[in-house]
Amino acid sequence: MSRIDGENWLRLHLAARDTVRVRSLIKKYGTATELIEKDPNRLFSEGEIDGATLGKLVYARSAEMQKRVGETVELCRKKGWRIITPQSRFYPERLLKLRRFPFVLYADGDAELLNAPLKCSIVGTRDSSQKARTVAFKFAYGLSQLGVAVVSGGALGIDAASHEGALAGRTGTIGVLGAGLGSGYLQKNAELRFRISGHGVLISELEPFEAPSKYTFPERNRIIASLGDACLVVESGVNGGSLITADRAHESGRPIFVPSKKIIVSDGCERLLAVGASETDSPADLFKGISGREADEAVLRTVPESAAPDYDVDFELPGFKRFFFGEKTDNRPSVHNSRINIKKEKNGKTSENGEMASSVPEKRLFAKPDEPNIFTVAPITDGESEVLHVLTKTPVSLDKIVELTGLGTDVVSSSLTLLELRGTVSSYYGNLYSLKTTPAEAD
């Protein structure tokens, strides 16, 4: 995808992101660039667009829009955010099937996760019970251990529990926000969003500092529903927003699951069962429902270290004992810390995405911990290890790396220089850095 193509998608996004007719014209003519190059007055005279759409397309071609596009691109460059359009390799193809597919997704984190082979949307009420949060945490953790990326909405309650569980596992999580990436909305979850951007990806179709509204969350739900191969509703009222997500998932042909009544019961889940949703009693069972394959018991016999008291790993639920402890296991397995501690494995192996392997399971789905160690020149320093730990193949700014590592700017800069000399890191204009990308992986 060329720079011009990307800018033209952004033009249409800023001018007409709410217009279905523009999307139908894109499908007719092929790309945003081909539509932008059409004379909007001629489209209007030929009856292809109405007056309102004419005004939006004229604005998309204006000098004022060119300025807005430049400012948005520069802002995202400074923040280390990626602008993903339908012509990008990171854009999930299934989103194009939506009637109102996003022209642009702003992404903070590992954009590779958007095209993980298996994904599951987990949603539920914000005003959730502790039992429901524990259920969400355990389902998300188990799916993440099995290689399923968990998709949720970054809000309080079930969303937060789902993200926490996924972060405790191997694969990571996708947070779809109902506000801009730079919005100050929901400060209570600011720390969680920070960790998702470091070990998963945050996405939003809203402008970087756009505040949420009563319309943005239902619209956000269509993306959550479409990204998952299935949708699990953990707990909901009869009129909860989670039911909107379930409805959107059903419209997209995704199966709907709710926890077994032996585990937890809620009015919204009862309503879903009445219209055809399926019960599931464990992450292994849900994994089979999503993938058609039996779960690998070996990766399920560890207990996650909970991130907060809300997620009680000792809270025994029907269907979970065998999942966590193994069918014939009498003793509780030792608790492991799911965060990969690179400092303890300075001379360890290196995964496909450049992260150092440790004694605990790899967090990322795409890691290949059996690859040989590429550091043959000199032992890796602590600073390099910390920097390597937060980098992905999505370029991020120097300021973002400093923020994620907690190291000083001088230490980060020197570490990046050494890593670039080792051939592990690529640098870009604007003080952006990423793990080394091969030509076949480039856009």
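Author: Axes here are lines fitted to C-alpha atoms, for helices over the stretch in contact, and angles run from 0 to 180 degrees between N-to-C directions. This is a predicted model, in which local features need pLDDT of at least 70, side-chain atom pairs count only at pLDDT 80 or more, and totals for chains, interfaces and linings use all residues. Residues are numbered from 1 along each chain as its sequence is written, and side-chain values use heavy atoms, with hydrogens and water left out.

Reader: How many helices and strands does the protein chain have?
Author: Helices (H or I, at least four residues) and strands (E, at least two) are DSSP runs, numbered from the N terminus. On that basis, the protein chain has 17 helices and 14 strands.

Reader: What percentage of the residues in the protein chain is buried?
Author: Buried means under 20% relative accessible area, exposed over 50%, and partly exposed in between (1.4 Å probe, protein chains only). The protein chain has 443 residues, and the buried share is 56%.

Reader: What share of the contacts with a separation of 6 or more joins residues 24 or more positions apart?
Author: Contact means heavy atoms within 4.5 Å. Take the contacts in the protein chain with a separation of 6 or more; residues 24 or more positions apart account for 70%.

Reader: At what angle do H1 and H6 cross?
Author: H1 spans residues 3–16 and H6 spans residues 63–79. Their axes come within 10 Å. The crossing angle is roughly 110 degrees.

Reader: Is H1 roughly parallel or roughly perpendicular to H6?
Author: Angles under 35 degrees count as roughly parallel, over 145 as roughly antiparallel, 65 to 115 as roughly perpendicular and the rest as oblique. H1 and H6 cross at roughly 110 degrees. That angle makes H1, relative to H6, roughly perpendicular.

Reader: How does the contact of H1 with H6 divide by residue class?
Author: From H1 come Glu-7, Leu-10, Arg-11, Leu-14 and Ala-15; from H6 come Met-65, Gln-66, Arg-68, Val-69, Thr-72 and Val-73. Ala, Val, Leu, Ile, Met, Phe, Trp, Tyr, Cys and Pro count as nonpolar, Asp, Glu, Lys and Arg as charged, and the others, Gly among them, as polar. The division is 6 nonpolar, 2 polar and 3 charged.

Reader: Is H1 roughly parallel or roughly antiparallel to H2?
Author: The axes of H1 and H2 come within 10 Å and cross at roughly 155 degrees. That makes the pair roughly antiparallel.

Reader: Which residues of H2 meet H1?
Author: H1 contributes Trp-9, Leu-12 and Ala-16. By class, the contact has 5 nonpolar, no polar and 1 charged residues. On the H2 side are Val-22, Arg-23 and Ile-26.

Reader: How far apart are the axes of H9 and H16?
Author: H9 covers residues 190–199 and H16 covers residues 398–405. They pack at an angle of about 115 degrees, which means that H9 is roughly perpendicular to H16. The axes are apart by 11 Å.

Reader: Which residues of H16 meet H9?
Author: H9 passes H16 in a left-handed crossing. Phe-194, Ser-197 and Gly-198 form the H9 side. Their partners in H16 are Lys-400, Glu-403 and Leu-404.

Reader: Is Asp-399 buried or exposed?
Author: Asp-399 lies in helix H16. Its C-alpha is 8.5 Å from that of Gly-80, 319 residues away in sequence. At 58% relative accessibility, Asp-399 counts as exposed.

Reader: What is the relative accessible area of Leu-114?
Author: Leu-114 sits in the loop between strand E2 (105–109) and strand E3 (119–123). Beyond four places in sequence, Leu-114 touches Ile-84, Phe-90, Pro-92, Lys-119, Ile-174, Val-201 and Ile-203. Leu-114 is buried, with a relative accessible area of 0%.

Reader: How many residues of H8 are buried?
Author: H8 runs over residues 158–168. Its buried residues include Asp-159, His-163 and Glu-164. H8 is largely enclosed by the rest of the structure, because the buried count is 11 of the 11.

How values were computed
Left-handed = near helix turned anticlockwise from the far one by under 90°.
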